[in-house]
Amino acid sequence: MPELPEVETVARGLRQAILGRRILSVTLGKTDFIDDPAALEQHLPGRQIEAVERYGKFMLLRLSALDGATLVSGNGDAAPASLLVHLGMTGQIAPSPAGKPLEKHTHVCLLLDDGRELRYTDARRFGRIAYLTKDLLAEELAGFGADPLDVSEVEFVERICGRRARIKALLLDQSVLRGVGNIYADESLWKAKIHPARLGTKLNRKDAETLRRALQDILRKAIVLRGSSISDFLDAEGEPGEYQRHHRAYGREGKNCYRCKVAIRRAIVAGRSSYFCPKCQPPPRGFAMLPLHEKTEKKSERRDTERAENQHGRNRNSWQRPRTRLRKRNRLRGSTRL
Ligand SMILES: [Zn+2]
């Protein structure tokens, strides 16, 4: 699923492509991943896209207030608002000429004032879209941790050391740091020579600083290379990223470590497949890794990811609403279908 560098890449692409455009109308397909589909249809038309920001692993399209000329009666609140877009696992968002035939799994089309449509496609619909007023946005953003690109040495130490959780779990926890997922957690731990199963309490300040620098370095390089394309990720121009060619641990089970030539191993840490070098990243005492078993790697990774994504749905910092409730609510609302 897209992590910080992939989402940043899409956000930068959208900034180039749609900044300043006004939304004229909204057409929806399947809506079970949208918080309140009727709110999109009611409140988006007439608003201008004033900024595209990344927050952790999702994007915020900042929308203008409705001015008097475009204010449609009954639209309610005309104050500035935001559209949250989380790509989930297979979401893609990109502008397209309005006349172009729809790709399969297109679920949201925003007609823009230059004749293009901003289209959201998502085969598995693990993404999320939400129209957020100022209050809803504040509620949404409460409880997220620091952005790993900005976090200071002192804050990083405070957030990591002294925690009785595994470092891999801490890196993935969006209330500790926002934006890191499985790929960049494994890559930065490999670079910092820290085993994913070590406890936060067992890391000293020097370890923490080495990890912070490794994480920032890797995230910055990955942004330059427009992220990692593992399965479906494409940027806002429809191009895959290139950072997957620079992975040193993630997905490399059984392949030689780039530093010491020992085979990279895999273990389940924090409920996720975790890749590490057993020599460069010494495990804590009593730690068991999985036997080398390359063939099942992809399937098991997908299962782990799905399990973890589903768990996210129950967390406070969730980007995904419980789906059954949404489905029921959306059925009641009877949204427009494509
Ligand atoms: Zn090694």
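A zinc ion is held by the SG atoms of Cys257, Cys260, Cys277 and Cys280, at 2.2 to 2.3 Å. The model is predicted. Elsewhere in the chain, four strands make up an open antiparallel sheet, and helices α1 and α3 lie against this sheet.

**Zinc site**

- The arrangement around the zinc ion is tetrahedral, because the four donor atoms subtend angles of 97 to 114°.
- For comparison, the ideal angle for four tetrahedral donors is 109.5 degrees.
- Along the sequence, the donor residues follow the spacing C-x2-C-x16-C-x2-C.
- Cys260 and Cys280 link distant parts of the chain, being 20 residues apart.
- Cys260 lies in the loop between α7 (205-224) and β9 (265-269), while Cys280 lies in the loop between β10 (272-276) and α8 (297-312).
- Cys280 has a relative accessible area of 13%, under the 20% cut-off, so Cys280 is buried.

**Sheet**

- The strand order is β2-β3-β4-β8, with antiparallel pairing.
- β2 (49-55) and β8 (128-132) are the edge strands; each has a single partner, so one side of each has no neighbour in the sheet.
- From one strand to the next, the twist averages 15°.
- Five bridges join β3 (residues 58-63) to β4 (residues 81-86) in the antiparallel sense.
- Met59 is opposite Val85 in β4.

**Helices on the sheet**

- Helix α1 (residues 4-18) packs on the sheet and touches β2 and β3.
- The direction of α1 makes about 170° with that of β2.
- Helix α3 (residues 134-141) lies across β2, β3, β4 and β8.
- Relative to β8, helix α3 runs at about 135°.

Methods:
Residues numbered from 1 in each chain as written. Predicted model: local features only at pLDDT ≥ 70, side-chain atom pairs only at ≥ 80, totals over all residues. Heavy atoms only, no water. Pairing = 2+ DSSP bridges. Helix = DSSP H or I, 4+ residues; strand = E, 2+ residues; numbered from the N terminus. Axes fitted to C-alpha atoms, helices over the stretch in contact; angles between N-to-C directions. Contact = heavy atoms within 4.5 Å. Donors = N, O, S within 2.8 Å, 3.2 Å for Na, K, Ca; no water. Tetrahedral: all angles 85-135°; square planar, octahedral: opposite > 155°, others 65-115°. Buried < 20%, exposed > 50% of the residue type's maximum accessible area, 1.4 Å probe, protein only.
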